[in-house]
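Here's a quick walk through a few parts of this fold. Have the 3D view open and follow along.

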Amino acid sequence: MLVTLENAKKSYGSFTLDCALSLEEGQITGIVGQNGAGKSTMFKALLGLIRLDSGTVQVLGSHPENMTAQEKNRIGAVLADSGFSVYMTVKQIASVMAAAYESFDESGFLSRCQAFQLPLDQKTKEFSTGMKAKLKVILALSHNADLLILDEPTAGLDVMARDEILDMLRDYMETEGRGILISSHISSDLEGLCDDIYMIHEGRVILHEDTDVILSDYGLLKMSEEEFAALDKTYVLCEKKESYGYSCLTKERQFYQENAPSVIVEKCGIDQVQIMLIGGKRK
């Protein structure tokens, strides 16, 4: 197991993170949730940047606070508030990384930066938001890490750049024993990349599901009040009052397609599931 969180609790005022999570070798796990849901707090706990109030955390078989420098070198991370001095150039950053990581591929890093049209001799304070995002991801991929922890790595990127980054992550996973933990507000990125999804709301996991199951089995039911009253609700996960009647989330879309012919049954993606679980009345 690459990552394990068990009964992990961390409080900040009125907010409390209280969750569990795991990541196996060979898997890409996605984390979704609103701003303030606890995603960044979870990532910081995994990286040893904050200490949990209680619970267990293990990364690559060790507690983050007890990891050696060599063990930490096996982790590549992208955090929203992390990065090098904005007065450094890409070449200067490459020199620092080469000194810090024995496995840092300096020539490969510089080549990728050029491929993504990042000027090597320009101070990064002059970079756009998208350029800075590309630089962070390329850095995380350039020292042969076994684990990537990526918090909103494609934020600020256009469609083409996001697609190139996602292809880089898929290529990274071609090597056995690796894993990626990634958060994003762009659900289409996660749907095409991740093996499973954790959905977090107000510090707690409200859903953990295989991505394929969400896309193949989950459904959104739309109906009038009369149809809702007569509906077999055995497989309804949550319901929501609408102007036209009711909408319901189910994990058994085919059941309602076959047994409720008058009800509108639509496929669901991650966004629709999240909206229903947060905004609807859960069973």
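Helix H5 is mostly covered in this predicted model, with 9 of its 12 residues buried. The buried set is made up of Gly130, Met131, Ala133, Lys134, Leu135, Val137, Ile138, Leu139 and Ala140. What does the covering? The cover over the buried residues of H5 includes the elements in this table.

| Element | Residues |
|---|---|
| strand S5 | 75–78 |
| helix H3 | 90–100 |
| helix H4 | 106–115 |
| strand S6 | 147–151 |
| helix H6 | 159–172 |

The length of H5 (residues 129–140) checks out too: at 1.5 Å a residue it should span 16 Å, and its end C-alpha atoms are 17 Å apart, which agrees.

Now for the sheet. Here 5 strands make an open, antiparallel sheet, in the order S13-S10-S12-S11-S14. Strands S13 (264–267) and S14 (281–282) sit at the edges with a single partner strand each, so one side of each has no neighbour in the sheet. Further in, S10 (residues 219–223) pairs with S12 (residues 246–250) over 5 bridges, in the antiparallel sense. Helix H11 (residues 270–279) lies across S10, S11, S12 and S14, and runs at about 75° to S11.

One last stop is Thr4, in strand S1 (residues 3–12). Is Thr4 buried or exposed? Its relative accessibility is 18%, and the cut-off for buried is under 20%, so Thr4 counts as buried. Leaving aside residues up to four places away in sequence, Thr4 touches Leu21, Ser22, Thr56, Val57 and Gln58.

Definitions and conventions
Residues numbered from 1 in each chain as written. Predicted model: local features only at pLDDT ≥ 70, side-chain atom pairs only at ≥ 80, totals over all residues. Heavy atoms only, no water. Helix = DSSP H or I, 4+ residues; strand = E, 2+ residues; numbered from the N terminus. Buried < 20%, exposed > 50% of the residue type's maximum accessible area, 1.4 Å probe, protein only. Contact = heavy atoms within 4.5 Å. Expected span 1.5 Å × (residues − 1). Pairing = 2+ DSSP bridges. Axes fitted to C-alpha atoms, helices over the stretch in contact; angles between N-to-C directions.
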